[in-house]
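Hi everyone, thanks for coming.

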Amino acid sequence: MSAIRIAGAPISWGVCEVPGWGYQIPADRVLTEMRGAGLTATEVGPEGFLPAEPAELAHTLQRYGLTSVGGFAPVLLHNRDHDPVPGIGPLLDAFVASRAEVLVLAAATGSEGYDSRPILNDDQWTTLLLNLDRLHVAADSRGIRAVLHPHVGTMVEKRDEVFRVLDGSSIPLCLDTGHLLIGGTDPVELVTVASDRITHAHLKDVSLPLAAQVQSGELTYTEAVALGMYTPLGTGDVDISSVVNKLLDADFEGWFVLEQDTILSEEPSGAGPVRDVVASVEFLRDIVQLRAGARS
C-alpha cells in the first residue's frame, strides 16, 4: 500500500453526527479495530466522539497508533446573515494540533439529517460559493486544506450543483464515490474531467437498486443506509478500480478514506463492522498490487 495513503472513518462503525442515527460504538473499540485492520490514520468523526481539546485529541490518537487526517464538518453556507468562518476556528485549532491536513466541508441545509433539503435561489448560491472560497482561504492560512464534499441531503448533491461549485469557486473537492453516484454524478466522469480539483477521496461502494429508490423518493437516505445501501469495496455497483487508477494516473497525492456508512440497531456481536472494513482494505490493496504489476 506504499503507493497510496489510506485512512478509516468512524462512520464505517456507525458513528455519525445525525441525532438518532443508531447505536454509537465507543471510541475505544472503533480505534482499536481500526488499527487492527491495518489502518494508520483516521478522520476524527463527529463532535464528541474524540476529545475536542487539541492536545488531548493528538494524545488519544497516538495511544492507538493513529494519526489524524482531518474530518467532516457540515456548515451552513447559503445564509447571508450567518458567517461560517468564526465557527470553524476551534476545529482548525484541533486539526493543527493533531497535524491533520483536511477540512471536509459539506453545505448543510440548516436542518438535522440528510433526508430532505430546500432549493436555493441565485442569491443564496452566490453566498454559498463566496463562503466556500472564504473557508478555503481561512483554512489555508492555518496550513489546512479545505475541500467541499458533495453529499446527499445537502445543498450540493446533484450533478449540476457539483459543476456549479467547480465553475463558481476555487475550493477543491472531496470525491465521495457513493454520494456522487446517488446524487447523479458518475465518479469516473468527474475524475476524468476535473482531476485537478480533487484533492481528497472517500471510497464507498453502493447497491444501485437501493440508491435508485433514494433517487425516486421511495426510500429516504437514512432508510436506505439502514438497509445496507453501502457495501464493502468491490461488492457494489461503483467502479472503484477505475476511480482509484484514474486518480493515481492524475498524480493524486491525497488520502483515500474508506467509508461504508453504517447504521447499527444495537451493539454488534462478533466481528461487527470491522469485517467489512478489512474486506475493503484488501480490495484496495489488490487494486494497487495489480497496478504495480502492470507497470513492472
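Before I point at anything, one term: when I say buried, I mean a residue with under 20% relative accessible area. And keep in mind that this is a predicted model.

Okay, let's start with helix 1, which covers residues 27–36. Which of its residues are buried? They're Arg-29, Val-30, Leu-31, Glu-33 and Met-34. There's a general point about helices that helps when you look at a list like that: an α-helix has 3.6 residues a turn, so residues three or four places apart point the same way.

So what covers those buried residues of helix 1? The cover includes strand 2, at 41–43, along with helix 2, at 54–63, and helix 11, at 274–295.

Now over to helix 2 and its partner, helix 3, residues 89–97. These two pack at an angle of about 45°, and their axes are 8 Å apart. With that angle, helix 2 and helix 3 are therefore oblique to each other. The crossing of helix 2 past helix 3 is right-handed. On the helix 2 side, the contact uses Pro-54, Ala-55, Leu-57 and Ala-58, while helix 3 brings Asp-93, Ala-94 and Ala-97. Sorted by type, that's six nonpolar residues, one charged and no polar ones.

Last, the annotation. An unreviewed UniProt entry puts a "Xylose isomerase-like TIM barrel" domain at residues 89–285. In this model, that stretch is 46% helix and 15% strand, with its end C-alpha atoms 36 Å apart.

Definitions and conventions. Residues numbered from 1 in each chain as written. Predicted model: local features only at pLDDT ≥ 70, side-chain atom pairs only at ≥ 80, totals over all residues. Heavy atoms only, no water. Buried < 20%, exposed > 50% of the residue type's maximum accessible area, 1.4 Å probe, protein only. Helix = DSSP H or I, 4+ residues; strand = E, 2+ residues; numbered from the N terminus. Contact = heavy atoms within 4.5 Å. UniProt positions renumbered as here; feature names shortened; annotations may be inferred. Axes fitted to C-alpha atoms, helices over the stretch in contact; angles between N-to-C directions. Parallel < 35°, antiparallel > 145°, perpendicular 65-115°, else oblique. Left-handed = near helix turned anticlockwise from the far one by under 90°. Nonpolar A, V, L, I, M, F, W, Y, C, P; charged D, E, K, R; others polar.
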